[in-house]
Amino acid sequence: MLLWTLLDVLRTLVMPRAARGRFRLSRILFRPVWQPWRWIGVRRKTIQSRERVLAAAAPSFFFILLLGWVSLALLAYALILWSPAFVHGLGRSDGSFGDALYSSGSSLFTLGIGSGAATGWTRAIVVIAGANGLGLFAVVIAYLPVLYQAFNRREVGVLLLDARAGSPPSGPELLHRMGSAGMASALPELFAEWERWVADVLESHMSYPILSLFRSPHDNTSWVTSLGSVLDAATLMLTSVDGDPDERAKLLYGTGVHAVEDLYYYLRLTEREAVIQRDEFEWVLEDMKDDGFSIRPVDDAFARFTEKRAKYAPRLDALAVLLAAPPGLWIGDRSYLGARTAH
C-alpha cells in the first residue's frame, strides 16, 4: 500500500508524462467526485451560478486527491508499525492499532509527539515516515506553481481568441470576423500560433490531467470550445475555400486531431454523434462568400468538410460534454439551445 501510494504521487506530480494505469488514485476518484459535482452544476438556473459551482471542482478535487494520498500513507505506516516486527518498539504503547495509527500520524506530520519513545528498528520506520511526510508536502507545494503556469499559458490563448471568434467561440465566427475586417491574410499566422498552443495544451494536460477540470475565468469560454473553434476554422479553410490549402492550416489540423485523440483515449470516453445540419453549413458558406472568401460548390464543400471534421468532432464533443463546457456553434451539447444555432 505504501509503495503504491508513493509511486502514484511520483507518477502524478513528478513524472513529466502521461501516467497510465487503471489503478491510480486520480482515476479512481475522478468520476465519483466529478460526476455528482457536474450533475449539480449543470442544473443551476443561471450561467453565473453554474460556472461558480463547476469552477470549484478542480481545486476541491486536488485537495481530495491530496487527502487520499495522505490517508493511504497514514494507514500504511500504521499497519507497518502494528506488525509483529515493530509493534514492540513503540515504547509506552499497549500494542493496539490505535496507538500505531497515532504514532504513524505523529511521524508523518512531523509532530514528534507519539513516537518519541520508539526503540529498536521501529525508530527507522518513524524516521522514514517523517521524511515521507516532509517530501510529500514539499512536492505538492512545488507542484502548484507549475500547474498554474500551465493554466495561465492556456488561458492567455483562450482570452486572445475571444475578440476574434466570439464568446463562446466558433470557427465560422472566427472566419467571419477576420474576413469582414479585411484581416483574412492574418489567418495563417493565427493558425501557426494555435498549433503551438495546441501542442502546449496536449503536453501539459497529459502530464497533469487535473488541468482539464480548471475552467476559464470568463463564463462563456472554455479551452475545449476554443480548440474546437480553431479546428473548425482550419477545416473550413481546407475544405471549403477554393484554391491550394494553406500549409499552416494543414499543420494545425494535424496537431489538433492528434491532441483531441490523445485526450479522448486518456479519459476513456465514448464518441458522440456530431451532426451539422446542411442549412447551417450553407449559411456559413454564404457569410464566407460575403466576407471575400472564394468558395467551392456547396455539395463538394459539405462532403469534404463532414469527412474531415468526423476525424475529431465526435471525440471533441465527448470532451466538451464530460467537462460541461459552454456549448458553441457545432461544439458541445447543444440540445437545450435547439438544433439550429445561429452565429
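Predicted model: local features only at pLDDT ≥ 70, side-chain atom pairs only at ≥ 80, totals over all residues.

Which side chain meets that of Arg50 in a salt bridge? I looked it up: Glu51 does, at 2.8 Å from N to O. A salt bridge here is a side-chain nitrogen of Lys or Arg within 4 Å of a carboxyl oxygen of Asp or Glu.

Residues are numbered from 1 along each chain as its sequence is written, and side-chain values use heavy atoms, with hydrogens and water left out.

**Entry: salt bridges**

I searched the whole structure and got 12 salt bridges. Back to the pair I began with: are Arg50 and Glu51 buried or exposed? Arg50 is buried at 11% relative accessible area, and Glu51 is buried at 5%. My cut-offs: buried is under 20% relative accessible area, exposed is over 50%, and partly exposed is in between (1.4 Å probe, protein chains only).

Next I checked Asp300, which has a salt bridge to Arg304 at 3.0 Å, N to O. Asp300 and Arg304 are 4 residues apart in helix α12 (residues 298–309), so about one helical turn separates them. For helices I use DSSP runs of H or I with at least four residues, and strands would be runs of E with at least two, numbered from the N terminus. Asp300 also forms a salt bridge with Arg296, where the closest N and O atoms are 3.9 Å apart. On accessibility, Asp300 is partly exposed at 31% and Arg304 is partly exposed at 36%, whereas Arg296 is buried at 14%.

**Entry: aromatic rings**

How many aromatic pairs does a search of the whole structure find? I got 14. The rule: rings of Phe, Tyr and Trp (its six-membered ring) pair if their centres lie within 6.5 Å, and planes under 30 degrees apart are stacked, over 60 edge-to-face, and the rest tilted. Phe62 is buried at 4% relative accessibility, but Phe63 is exposed at 53%.

Tyr148 and Phe214 are edge-to-face as well, at 5.9 Å centre to centre with 75° between the planes. Tyr148 is in helix α6 (residues 122–165) and Phe214 is in the loop between α8 (187–207) and α9 (223–240), so this pair ties together parts that are 66 residues apart in sequence. Tyr148 is partly exposed at 42%, while Phe214 is buried at 9%. I also noted a cluster in which ring pairs link Phe62, Phe63, Tyr143 and Tyr208.

Then I looked for charges over rings (NZ of Lys or CZ of Arg within 6 Å of the ring centre and within 35 degrees of the ring normal). Lys308 sits over the face of Tyr253, 4.6 Å from the ring centre. Arg278 sits over the face of Phe302, 5.2 Å from the ring centre.

**Entry: cavities**

I count a cavity as a set of points, on a 1 Å grid over the protein atoms alone, where a 1.4 Å probe fits but cannot get out; lining residues have an atom within 4 Å of a point. Grid points are joined across faces, edges and corners, and the volume is the space filled by probe spheres set on the points. That gave me 3 cavities of 30 Å³ or more.

The largest cavity is about 80 Å³. It has 13 lining residues, and those nearest its centre are Ser212, Phe214, Arg215, Ser222 and Leu323. So what is the second largest cavity's volume? About 50 Å³. Its lining includes Thr5, Trp69, Tyr77 and Asn132. α1 (2–14), α4 (57–82) and α6 each give two or more residues to that lining, and α4 gives the most, with 4.

Note on methods: 1 Å grid on protein atoms, 1.4 Å probe; cavity = no way out; pocket = protein on both sides within 12 Å on 5 of 7 lines; lining within 4 Å.
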